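The sequence and structure are shown below.

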Amino acid sequence: MKIGIVCYPTFGGSGVVATELGKALADNGHQVHFITYNQPARLDFFSENLFYHEVSVSKYPLFDYPPYELALASRLVDVVRFEKLDILHVHYAIPHASAAFMAKQILLTYGIYIPVVTTLHGTDITLVGKDRTYKPVVTFSINKSDGVTAVSENLRKDTYEFFDIENDIKVIPNFIDLKRFNLQAKDHFKKAIAPEGEKILIHTSNFRKVKRTEDVIKIFAKIRKKIPSKLLMVGDGGERSDCEQLCRDLGVGDDTRFLGKQDAIEEILSVSDLFLMPSQSESFGLAALEAMACKVPVISSNAGGLPELNVDGVTGFLKDVGDVKGMAESAIYILEDAERLATFKENALARAKEFDLAKILPVYENYYREVIEKTKTSA
Ligand code: GMT
């Protein structure tokens, strides 16, 4: 198939899923065209089946708000027509699904029907989408998509709850490439971070409010009182400087390292003992899955789709949002006993294997075929 993928090219989960999916589809012989405003962060190698089409937005002085959505729609028309795409797969509803709808209408004037699959990732529904600034557009463009997928049952349920959706939504969970994400021998790195054999806790995110990064610091401060340990904070975003201040206030600054955005996240996960994800809302929790694939158990909130990934008492623990004390106690329970920690690590990996890319890729391929087949006579 010739597949167009539209996504945010950043380190965010939806962009990562879109890019990894595109790479895997290209490996499987499909021709994949990324259409976005920057080279996606993880699209970092050459393949004869991978193409990147940049969307550039005119910065005419009249525009206080350059119309990215229109530039994207025009680019989509262009790429679909001249690359003869079979299907467009847009990740994150805003503004990708509505731009795809506009492109679809324009393409009809050329006698081309391009089927559009929209994948809902989380905040496009639970935060931004619900906002009445966008709600009518989000509802409309989900209903006008030829196929809609959500990354968890919880997100599917929320979408039906918050919007008037007439379309079927298929759940296709996030996946993990176990060839890349696995436990690697990085003892020298471990020694550098924890020279006295301290336990290593880790959090990775974009440091947005929804991640409750300050809870991470508070949980760590409690753990460190009982267990010699270090904390790695990976990523960057709006909450970072408040977190750094909180580390100083709680006296854990010397045991916490802020590593900023990192590409080789699997190497850092490989030296870690426990992953902390106290999010306010999380449709799936891809970062937690990446950790589990590297044998790192997870202490998380029970928000959104996290219970569909993290199995309470098996791969880690789930606590109510904001239950810093409970999360710290659960972390200590896992870390204080070497045998128990080893069991949780094994369980985390076993669970991650259920989300193996090799299992999820054919689900997407079959779904594309189904959508193409059902829209065949629509032009
Ligand atoms: O978590 C973020 O802030 C990034 C966000 C995104 O849209 O890029 O991630 C969402 O999509 C990921 C991939 O499907 C999910 O694993 C994350 O759980 C989801 N984030 C939220 O729901 C907050």
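Which feature does UniProt place at residues 187–348? The unreviewed entry gives "domain: Glycosyl transferase family" there; such annotations use the numbering adopted here, feature names are shortened, and they may be inferred rather than shown by experiment.

## Basis of the model

This is a predicted model, in which local features need pLDDT of at least 70, side-chain atom pairs count only at pLDDT 80 or more, and totals for chains, interfaces and linings use all residues. Residues are numbered from 1 along each chain as its sequence is written, and side-chain values use heavy atoms, with hydrogens and water left out.

## Helix 2

Helix 2 (residues 68–83) has 16 residues; helices are DSSP runs of H or I with at least four residues, strands are runs of E with at least two, and both are numbered from the N terminus. Among its buried residues are Tyr 68, Leu 72 and Val 80, where buried means under 20% relative accessible area, exposed over 50% and partly exposed in between (1.4 Å probe, protein chains only). Lys 84, with a positive phi near 55°, follows helix 2.

## Salt bridges

The count comes to 23 salt bridges, each a side-chain nitrogen of Lys or Arg within 4 Å of a carboxyl oxygen of Asp or Glu. One of them joins Lys 211 to Glu 282, with the closest N and O atoms 3.0 Å apart. Because Lys 211 lies in the loop between strand 8 and helix 8, and Glu 282 in the loop between strand 11 and helix 11, the pair ties together parts 71 residues apart in sequence. Lys 211 is buried at 13% relative accessibility, and Glu 282 is buried at 12%.

Conventions:
Expected span 1.5 Å × (residues − 1).
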